[in-house]
Amino acid sequence: MYGEYVKGFDNAMELVKNMTERIPQFKSVVEEIQKQKICGSLTLQHHMLEPVQRIPRYEMLLKDYLRKLPSDSPDWNDAKKSLEIISTAASHSNSAIRKMENLKKLLEIYEMLGEEEDIVNPSNELIKEGQILKLAARNTSAQERYLFLFNNMLLYCVPRFSLVGSKFTVRTRVGIDGMKIVETHNEEYPHTFQVSGKERTLELQASSEQDKEEWIKALQETIDAFHQRHETFRNAIAKDNDMHSEVSTAELGKRAPRWIRDNEVTMCMKCKESFNALTRRRHHCRACGHVVCWKCSDYKAQLEYDGGKLNKVCKDCYQIISGFTDSEEKKRKGILEIESAEVSGNSIVCSFLQYMEKSKPWQKAWCVIPKQDPLVLYMYGAPQDVRAQATIPLLGYVVDDLPKSADLPHSFKLTQSKSVHSFAADSEELKQKWLKIIFLAVIGETPDGPNKHPTTLDDHPEPRKKSEC
């Protein structure tokens, strides 16, 4: 009975308030009664509040009473039993209050969404909500979005600019079942993370590092709680501590992929031909998210995550999803055909550098020294390219770390015989990071090799000419 009273308390208070404002006769009767001595100069609302406060008061009084009561008192056992009973009632009322508040919040969100989403359900619980930016799949533009995280789904919404009515339009409903969270790193846009669900993959940007951590924590805790509630699916959707942004072969067509952005590649990720504006434009495989040319995307397959609709896919995904096998053996990858993402994810050092060969103009290159090939510098057009544009075997090169131009103060040069390669970093810190690794590589050592001490410019003599072999 107490729980039911608490559950309806807010509605009852609101009803009294509205009737008092709208019906003068009701207001007059209430005020007349409140003047009586028996009411103790208290309003009707105060008297309505008394039962809500009574149980917590009893609980506090009994706790205080037991603290001061000697343990050998004949009243001890009865007092302890009374506290247990009253604590149960208080716990029940608190639970009823929480359910009531949650349902009220669901109704508010239901109205904000234009009363189109079926979310008003006692089993639904709002975990977190807030504004966020979404990075576009094709480029790095950021768009304003709003998220509602529930215990069983994430609503990805677009703000609706309207003076009245709903405030948001639901763009996508992403289920918690099978959802994965990945922390991402974007040079242009900080505080990013990725939400990958069966229905869609979103790359999002928080307003700060703290906001990002709070979102990741809330999402991950919701996923973990969902898995715990669904014991029978625990083995199938166990948390993978080494989560990848790539869709696995087993999940092709079943999970929406993260699209590689157009500006992250300069060539088709399948045939490795360079893109151009006319004859070889960029397309996305809807199964794996890779950027491919029109020839490599001239296939269609039914994708489960999109309701079984036919979608444009690359040849590799088409073969996997359709079961078609190509008898032609895959050509062994040459040294230039190692994917940038493959070496960057397992590298000693990687970043963008300005590069110039001999007297050619400066150009921006994604440079990588991989762990499995620590004496070779790989240069790509962009971080996701599937083929290197050039490689430099560093062994035997002479390093000149003195800048030759005031316009490029963080530059350095590698020379060997007639080969001259000039580089420039965006900062002195980044330059020193590269030089520390290169100084080791040119003498055939690695950071994990015989020379285990950090290398600085002071550890090396002035640049010298290498003797001809």
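**Rings, charges and a surface patch**

Visitor: Where does Val-120 lie?
Guide: This is a predicted model. In it, Val-120 belongs to the loop between α5 (76–112) and β1 (126–135).

Visitor: Is Val-120 buried or partly exposed?
Guide: Partly exposed. Its relative accessible area is 31%.

Visitor: Which residues form a nonpolar patch with Val-120?
Guide: Leu-103 and Leu-107. The patch is on the surface, and the three residues together have about 210 Å² of accessible area.

Visitor: New topic. How many aromatic pairs does a search of the whole structure find?
Guide: Eight. One of them joins Tyr-5 and Phe-9. That pair is tilted, with 6.4 Å centre to centre and 45° between the planes.

Visitor: Why two numbers for a pair?
Guide: Because a pair of aromatic rings is described by the distance of the centres and the angle of the planes.

Visitor: And Phe-9, buried or exposed?
Guide: Phe-9 is buried, because its relative accessible area is 12% and the cut-off for buried is under 20%. Tyr-5 has 33%, so Tyr-5 counts as partly exposed.

Visitor: What about Tyr-146 and Phe-148?
Guide: They form a tilted pair too. Their centres are 5.0 Å apart, with 55° between the planes. Tyr-146 and Phe-148 are both buried.

Visitor: Which cluster do ring pairs link them into?
Guide: A cluster of Tyr-146, Phe-148 and Phe-168.

Visitor: Switching to charges. What lies over the face of Trp-215?
Guide: Lys-128, at 4.8 Å from the ring centre.

Visitor: And over the ring of Phe-352?
Guide: The charged end of Lys-364. That end is 4.5 Å from the centre of the Phe-352 ring.

Conventions:
Residues are numbered from 1 along each chain as its sequence is written. This is a predicted model: local features need pLDDT of at least 70, side-chain atom pairs count only at pLDDT 80 or more; totals for chains, interfaces and linings use all residues. Side-chain values use heavy atoms; hydrogens and water are left out. Patches are made of residues with over 30% relative accessible area and no salt bridge: like charges are joined within 9 Å, nonpolar side chains (Val, Leu, Ile, Met, Phe, Trp, Tyr) within 5 Å. Accessible areas come from the Shrake-Rupley method with a 1.4 Å probe; for residues, only the protein chains shown count as cover. A salt bridge is a side-chain nitrogen of Lys or Arg within 4 Å of a carboxyl oxygen of Asp or Glu. Helices (H or I, at least four residues) and strands (E, at least two) are DSSP runs, numbered from the N terminus. Buried means under 20% relative accessible area, exposed over 50%, partly exposed in between (1.4 Å probe, protein chains only). Rings of Phe, Tyr and Trp (its six-membered ring) pair if their centres lie within 6.5 Å; planes under 30 degrees apart count as stacked, over 60 as edge-to-face and the rest as tilted. A charge sits over a ring if NZ of Lys or CZ of Arg is within 6 Å of the ring centre and within 35 degrees of the ring normal.
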